Amino acid sequence: METIEDWNGIKQVVLRNPQGASARVSLHGGQVTSWRNDHGEELLFTSSKAIFKPPKAIRGGIPICFPQFGNAGSLEQHGFARNKLWTIDEDPPPLHPNESHGKSFVDLLLKPSEEDLKGWPHSFEFRLRVSLATDGDLTMISRVRNVNGKPLSFSFAYHTYFSVSDISEVRIEGLETLDYLDNLCQRERFTEQGDAVTFESEIDRVYLNAPGAVAVLDHEKKRTYVIRKEGLPEYVVWNPWEKKSKAMADFGDEEYKQMVCVDGAAIAKPITLKPGEEWTGKVQLKVVPSSFCSEHLGL
């Protein structure tokens, strides 16, 4: 693990594995800003117009949405965690040995400031481990503890921007027959009818009671992202398409073609913690050649 500074003087931690894969985590938001395979190819999308200056959130990578997703609440869009400066946690409570063995990792910590408590009066400790395995898998484990005297409820998502070659050639498998809330139709509930999710226009959905793993197949690049989640009941799928892209200042007009967001999330059913209770939510991201068939991936 090495620490560098970006051009705003904000620390970034670089994780590498012996095969040459890497990941970069900014202390601005505890956000993964880069994940590269052992050929050095970038696997996460970041907008060419992204603003890397707090308190603006970075458009791309893997922002952490906490304690609110979207604008369904009194806080700023997607909550405040992605806009705060996190600290490196030198002495975190132990995780299972499998989460450290053979991995390059960093532990980060976020606690609310006095200012945060005014806007959201709940004391918490949010611990995040980002790890890169020898096979190049990227894992993120979030642990949120309620250190308050009263119950605490929050929504959460790993808002993961995957880099793809052409969105019209992308399909997502593993969500068929699930119910979803459609954010483009006032969160109305529908059932997925297709044998895969494909993209011909804007999509903004929360898939409910979703299975542990889904696959994002990029036909042109002949590669597949496999996302596995634990402690998170839902998947969000989002692509802004043409009209919304033009309305976003920190997003290129045509960049919707090169990205898709697939997030392990807890939104429709927020997490509630009693005083002293802790929640753990985990995602593991893997990239494989598309010649792997779904059976191999355990979907």
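Colleague: By class, how many nonpolar, polar and charged residues does the lining of the largest cavity have?

Modeller: This is a predicted model: local features need pLDDT of at least 70, side-chain atom pairs count only at pLDDT 80 or more, and totals for chains, interfaces and linings use all residues. Residues are numbered from 1 along each chain as its sequence is written, and side-chain values use heavy atoms, leaving out hydrogens and water. Asp, Glu, Lys and Arg count as charged; Ala, Val, Leu, Ile, Met, Phe, Trp, Tyr, Cys and Pro as nonpolar; the others, Gly among them, as polar. The lining has five nonpolar, no polar and five charged residues.

Colleague: How much space lies in the largest cavity?

Modeller: On a 1 Å grid over the protein atoms alone, a cavity is a set of points where a 1.4 Å probe fits but cannot get out, and lining residues have an atom within 4 Å of a point. Searching the whole structure finds one cavity of 30 Å³ or more. Volume is the space filled by probe spheres set on the points, joined across faces, edges and corners. For the largest cavity that is about 40 Å³.

Colleague: Which element gives the largest share of that cavity's lining?

Modeller: Strands (E, at least two residues) are DSSP runs, numbered from the N terminus. S7 (103-110), S8 and S9 each give two or more residues to the lining. The largest share, three residues, comes from S8.

Colleague: In S9, what is the bridge partner of Arg127?

Modeller: S8 (residues 124-133) and S9 (residues 138-146) run antiparallel, joined by nine bridges. Arg127 lines the largest cavity, and so does Arg143. In S9, Arg127 has as its bridge partner Arg143.

Colleague: Are the residues of S16 buried or exposed?

Modeller: Buried means under 20% relative accessible area, exposed over 50% (1.4 Å probe, protein chains only). Ile203, Arg205 and Tyr207 lie on one side of S16, Asp204 and Val206 on the other. Five of its five residues (203-207) are buried.

Colleague: In S19, which residue stands opposite Val206?

Modeller: S16 pairs with S19 (residues 234-239) in the antiparallel sense, over five bridges. Opposite Val206 stands Val236.

Technical notes. Helices (H or I, at least four residues) and strands (E, at least two) are DSSP runs, numbered from the N terminus. Two strands pair if DSSP finds at least two bridges between them. On a 1 Å grid over the protein atoms alone, a cavity is a set of points where a 1.4 Å probe fits but cannot get out, and a pocket is an open set with protein on both sides within 12 Å along at least five of seven lines; lining residues have an atom within 4 Å of a point.
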